[in-house]
Structure formats: C-alpha cells, structure tokens
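I opened this entry to record what I looked up in the model, one topic at a time. The notes follow the order in which I went through them.

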Amino acid sequence: MILKRTHLLLLALLSVGLYAAGPSLEAKRIAVIIGTNYKGNDAGIPPLDLCEADAKLMEQSLKAHGRYDDAKVLLGSMVTASRIQEAMKEVAAKSSADDSVFFYFSGHGTYQRDSNAPNGLRNYIVMFNRPHVSDKELSDWMSGIKGKITFVFDCCFSGGIVQKGRRGVGDIPVAENSPGTVIENGGNDFYFKDAVLIGSSDANETSIEIRGSVNHGVFTYYFAQGLNPANGDLNSDRSVTLYEAFTWSAKRVTDHAKKFNHKQTPQLRGN
C-alpha cells in the first residue's frame with residue numbers, strides 16, 4: 001500500500017560519506033532531522049505512516065556513514081515552525097565556515113499561488129499544526145548559518161522548493177538534460193544561495209511511501225542506502241558525495257515508483 005505525501009487543500013557536504021581527503025579536524029558536521037506522521041494534529045492534516053521512521057533512518061545513516069554526531073531530531077508533534085526556526089538559530093550560533101550542515105524533512109508538502117513568489121508559486125513544508133513553513137522562510141532562516149549547507153526534502157512537490165534554489169559558485173558537474181536534475185540558473189530573486197537542495201519528486205509530482213518490504217518513503221529508502229560507501233561510492237575513492245548518493249538513488253526511486261504506476265523524479269540543484 002502506498003500513501004502520497006501531499007495535502008492539496010491546504011491554503012491557510014559537500015561530502016557526507018567517508019572523506020578520502022577531508023576537511024580540518026576542527027570542522028563540525030551538524031544535522032537537523034525532521035519527520036512527522038501528523039497523528040493527532042488539530043488542523044485536519046491527513047496522517048501519514050512512515051515519515052518518522054524516515055527521519056530515524058536518516059539519523060542512523062548520517063551518523064554511520066557521515067560522522068554527523070551532532071544531530072537534533074524533531075518528530076511528531078514537535079514539528080512546528082517555531083521549533084524549526086529555533087533549531088536553525090542554534091545551528092547558526094555554533095556553525096563556522098568549515099562546517100557541514102544537513103537539513104532533512106519528511107512529511108507533507110504543498111503549494112499555493114502567490115504573485116510575490118518566484119514563478120508565482122509559494123511552496124511549503126507542512127507542520128504538525130499551523131502555521132506551515134514556506135520556502136522563503138526556510139531561506140531566510142538559513143541566512144545566518146555558516147558552512148556547507150544541504151537541504152533534503154522527502155515530500156510532495158519538493159521539486160518546487162529545489163527549483164527556487166540559486167546556484168552558487170561552482171556547479172555540480174551534471175550533463176545537460178540529465179534526468180532527475182534541475183540545471184537552470186536562478187535569478188537574484190531566488191532563494192537558498194550557495195546551498196545544495198535535493199527533493200524527492202518534481203515540482204508537479206507527489207512523493208510516495210510504501211508499506212511492507214520498503215516501509216519508508218521510497219526516496220528516503222534509497223537515498224539513505226546511497227550514503228553508504230558500499231553503494232554510493234561510484235568512483236571508488238572511498239568517499240560519497242551528495243551527487244553520488246543522488247545519482248545512485250534517483251533512478252531506483254523512479255523505477256520503484258513505476259511499479260505502482262506512479263511517476264516520481266527526484267531533483268537536485270546546488271553549489
């Protein structure tokens with residue numbers, strides 16, 4: 001059985017694996033990991049089953065393969081706008097230019113029309129209760145964070161957030177028209193300057209979770225495996241970059257979703 005991580009009626013680093021030649025010993029790796037199943041919320045948000053399991057899997061994978069021992073985890077009813085903002089403030093206070101910061105969210109995603117937003121749409125990650133968090137708010141909250149920043153979203157329409165990411169200096173080396181990637185340059189009104197953004201689906205696609213053998217969101221299930229050097233070390237240099245983990249997992253996500261007659265195309269953009 002599958003569930004879609006969406007709520008259409010809502011209106012209201014860069015290496016993460018084992019470094020072959022890593023950063024200084026003083027560099028920290030900091031993670032903020034968020035997942036909610038929305039069980040018991042007061043806002044009428046449809047519940048999901050596996051987002052909290054996704055968050056726990058991502059925490060385990062980052063600690064096992066990326067040395068992200070400084071990880072703040074928000075689950076269930078703890079997933080609120082104020083707590084996310086406070087977590088990002090805490091990261092800003094302790095991060096430095098040499099650090100790697102990893103932000104992960106698993107839950108519902110949605111959007112609404114907004115003439116003030118880039119491309120006329122405002123994307124949101126859905127909190128346990130209102131208010132929800134917009135792409136612009138996330139971008140604003142990250143502005144004080146120093147270091148190499150990664151956002152990973154396992155939610156419906158997450159490609160809409162990814163597409164609002166502005167490239168920094170030094171593009172990810174992907175070929176033109178590569179499937180599963182977003183390669184256009186953003187204008188000055190775009191968000192998330194110098195960060196890497198990864199989304200579980202395209203801007204007009206939903207993301208699914210699968211019970212049974214997978215028992216996770218299909219994207220997180222494969223992306224977490226891609227962080228393992230046994231899978232994601234595509235050039236055999238004993239390290240796994242975000243690009244390698246994405247490349248290893250993206251096609252597997254799309255192929256597995258097809259088995260359920262579902263289209264899901266992970267997206268990537270960044271520095």
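**Largest cavity.** I began with the lining of the largest cavity in this predicted model, and I found it made by Val32, Met88, Val91, Val101, Phe103, Ile145, Ile149 and Phe151. I noted a volume of about 40 Å³ for this cavity. Sorting the lining by class, I counted eight nonpolar residues, with no polar and no charged ones. I then asked myself which elements each supply at least two residues of that lining. They are helix H2 (81–94), E4 and E8.

**Six-stranded sheet.** I next traced the sheet, which is open and has six strands in the order E3-E2-E4-E8-E9-E12, with mixed pairing. Its edges are strand E3 (70–75) and strand E12 (267–269), each of which pairs on one side only.

As a reminder to myself, strands of a sheet pair through backbone hydrogen bonds, in either the parallel or the antiparallel sense.

I also checked helix H1 (residues 51–66), which lies across E2, E3, E4 and strand E8 (148–154) and runs at about 165° to E2. In the loop between E2 and H1 I came to tyrosine 38, whose phi is near 65°, a positive value in a residue other than glycine.

**Three-stranded sheet.** I then turned to a second open sheet, of three strands in the order E5-E6-E7, where the pairing is antiparallel. Strand E5 (109–113) and strand E7 (133–134) are the edge strands, each pairing on one side only. Strand E6 (residues 121–125) and E7 are joined by two bridges in the antiparallel sense, and there I found isoleucine 125 opposite valine 133 of E7.

Where does proline 131 sit? I placed proline 131 in the loop between E6 and E7, and the peptide bond that joins arginine 130 to proline 131 is cis, with omega at about 0°.

**Confidence.** Last, I looked at how far the prediction can be read, and the protein averages a pLDDT of 87, with 82% of the residues scoring at least 70. Over residues 7–24 the pLDDT stays under 50, although the model has 65 contacts for this stretch beyond four places in sequence. Residues 168–186 also have a pLDDT below 50, and I noted 39 contacts for them in the model beyond near neighbours in sequence.

Key:
Residues numbered from 1 in each chain as written. Predicted model: local features only at pLDDT ≥ 70, side-chain atom pairs only at ≥ 80, totals over all residues. Heavy atoms only, no water. Pairing = 2+ DSSP bridges. Helix = DSSP H or I, 4+ residues; strand = E, 2+ residues; numbered from the N terminus. Contact = heavy atoms within 4.5 Å. Axes fitted to C-alpha atoms, helices over the stretch in contact; angles between N-to-C directions. 1 Å grid on protein atoms, 1.4 Å probe; cavity = no way out; pocket = protein on both sides within 12 Å on 5 of 7 lines; lining within 4 Å. Points joined across faces, edges and corners; volume = space filled by probe spheres on them. Nonpolar A, V, L, I, M, F, W, Y, C, P; charged D, E, K, R; others polar. pLDDT = per-residue confidence, 0-100.
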